[in-house]
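Please look first at the fold as a whole, and then follow the text from one part of the structure to the next. The paragraphs below take up a pocket, the sheet, the aromatic rings and a few backbone details.

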Amino acid sequence: MANVTVIGAQWGDEGKGKIVDWLSERADVVARFQGGHNAGHTLVVGEKVYKLSLLPSGIVRGTLSVIGNGVVLDPWHFRDEVAKLTAQGVSITPDNLQIAETCPLILPFHRDLDGLREDASGAGKIGTTRRGIGPAYEDKVGRRAIRVCDLAHLDDLGPQLDRLTAHHDALRAGFGEPPIDRAALMAELTAIADFILPFVKPVWLTLNRAKAAGKRILFEGAQGTLLDIDHGTYPFVTSSNTVAGTAASGTGLGPNAAGFVLGIVKAYTTRVGSGPFPTELEDATGQRLGERGHEFGTVTGRKRRCGWFDAVLVRQSIAVSGVTGIALTKLDVLDGFDTLNICVGYKIGDQTYDYLPAHAQDQAKAQPIYEAIEGWHNTTAGARSWADLPAQAIKYIRRIEELIGCPVTLVSTSPEREDTILVRDPFAD
């Protein structure tokens with residue numbers, strides 16, 4: 001039985017939470033491998049709605065869930081999210097949830113810096129969630145981060161705090177802010193340490209032992225490939241690598257552990273925040289997609305920008321992430337359209353492209369080349385087999401497969417857990 005790596009193949013918000021939850025019934029371990037609590041996963045289970053942003057989606061089913069070393073962890077948000085889910089009846093203990101010892105911590109001054117930079121950036125705003133994700137990753141690669149394992153050795157933190165405050169106090173002074181209050185920071189870390197430390201484990205060892213025992217591991221990515229720091233629409237990206245290859249470096253398993261790579265793809269396209277979006281619809285059609293798809297960010301509550309399906313970008317994501325098959329979500333949002341458009345290329349000036357160029361100015365000027373396809377008027381909502389789908393909806397799916405060069409593995413037809421058409425079981429490969 002194969003492991004499965006789940007990644008978003010657009011700009012995030014593709015419906016990964018439901019798919020990971022659905023697959024976690026077949027998994028022995030679910031592992032988050034990058035990002036932080038800027039992720040937003042909504043799970044609908046019967047009458048209950050669970051909103052996760054840091055915890056792996058498998059925790060709702062009680063599947064062993066791990067937060068890998070590639071994640072940046074806000075310990076206070078972690079505590080609050082655990083409390084919220086516990087109040088909803090989800091059991092969360094060190095027996096079913098582990099945090100990697102080497103996760104960098106998101107600290108209060110990271111959040112401050114995130115907001116100060118955004119406010120000062122004017123037209124150059126990235127559109128971050130202001131949760132400190134980027135500054136925390138900067139400290140990680142700058143070798144000045146405080147990590148989860150440091151919570152067990154706070155008396156030895158002095159030299160690391162010297163490096164950290166030397167960097168941040170200079171930045172804060174530039175914004176007219178006072179230096180970091182080291183005593184207050186130490187008090188906050190001391191107060192939260194006892195809550196965090198019982199969950200802390202050598203996650204790389206847990207996962208390697210699971211692999212050796214033939215256990216099925218489900219790797220859960222956050223955001224989407226088009227937000228990848230290297231392969232996304234830079235600079236309007238997140239601060240981590242979101243591609244499937246990060247499952248290895250972000251958990252401590254080798255690259256041969258990734259298994260079946262499942263790319264989650266909406267049947268149309270959305271984006272939150274700033275940045276290029278060639279198929280964006282700023283008209284009644286875009287409004288209709290947003291309203292029918294309930295397109296508001298789980299984490300920020302921000303309205304998502306909506307547009308037609310972009311086969312060029314999805315094909316690009318599939319290439320850089322080595323996607324084996326896709327899960328097509330929110331097909332039901334397209335019910336009732338007379339005509340659907342699919343982007344098959346771009347015009348930038350006098351040139352035609354079958355990929356999105358790297359430079360931000362070229363990306364901003366890209367005009368979509370559309371292929372029109374007939375819509376359908378019967379409902380796909382709640383369909384659980386091909387026989388339940390209108391013929392034209394199947395034609396739409398098949399045309400997407402042709403254009404992106406990748407087969408459809410799953411089709412999701414509502415937020416409900418069981419409203420899923422299984423074409424190919426990723427764990428069976």
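In what follows, Ala, Val, Leu, Ile, Met, Phe, Trp, Tyr, Cys and Pro count as nonpolar, Asp, Glu, Lys and Arg as charged, and the others, Gly among them, as polar. The model is predicted, and local features need pLDDT of at least 70, side-chain atom pairs count only at pLDDT 80 or more, and totals for chains, interfaces and linings use all residues. Residues are numbered from 1 along each chain as its sequence is written, and side-chain values use heavy atoms, with hydrogens and water left out.

The second largest pocket is a place to begin. Five residues, the largest share of the lining, come from α4. What classes of residue make up the lining of the second largest pocket? The lining has four nonpolar, ten polar and two charged residues.

The sheet comes next. Strands of a sheet pair through backbone hydrogen bonds, either parallel or antiparallel, and two strands are said to pair here if DSSP finds at least two bridges between them. Ten strands form an open sheet with mixed pairing, in the order β7-β6-β5-β2-β8-β1-β9-β13-β17-β18. Its edge strands are β7 (200-201) and β18 (420-422), each of which pairs on one side only. Within this order, strand β2 (residues 29-32) runs parallel to strand β5 (residues 64-67) and is joined to it by four bridges, with Val 30 having Ser 65 of β5 as its bridge partner. Ser 65 also stands opposite Leu 97 in β6, and three bridges join β5 to strand β6 (residues 97-100) in a parallel run. β2 also pairs with strand β8 (residues 217-220), in the parallel sense and over four bridges, and there the bridge partner of Val 29 is Ile 217.

Aromatic rings supply another set of contacts. Rings of Phe, Tyr and Trp (its six-membered ring) pair if their centres lie within 6.5 Å, and planes under 30 degrees apart count as stacked, over 60 as edge-to-face and the rest as tilted. The whole structure has seven aromatic pairs. In one of them, the ring centres of Phe 78 and Phe 195 are 6.1 Å apart and the planes stand at 65 degrees, so the pair is edge-to-face. Phe 78 belongs to helix α2 (residues 75-87) and Phe 195 to helix α6 (residues 182-196), so this pair ties together parts that are 117 residues apart in sequence. Buried means under 20% relative accessible area, exposed over 50%, and partly exposed in between (1.4 Å probe, protein chains only). Phe 78 is buried at 0%, whereas Phe 195 is partly exposed at 29%.

The rings of Trp 308 and Phe 337 have centres 5.8 Å apart and planes at 70 degrees, so they too are edge-to-face. Trp 308 is buried, with a relative accessible area of 7%, and Phe 337 is buried, with 5%. Arg 288 lies over the face of Phe 337, at 3.9 Å from the ring centre; a charge sits over a ring if NZ of Lys or CZ of Arg is within 6 Å of the ring centre and within 35 degrees of the ring normal.

Some backbone details complete the tour. Most residues other than glycine have a negative phi, and most peptide bonds are trans. A cis peptide bond, with omega about 10 degrees, joins Tyr 234 and Pro 235, and Pro 235 is placed in the loop between β8 and α8. Asp 13, in the loop between β1 (4-8) and α1 (16-24), has a positive phi near 65 degrees.

Key
Helix = DSSP H or I, 4+ residues; strand = E, 2+ residues; numbered from the N terminus.
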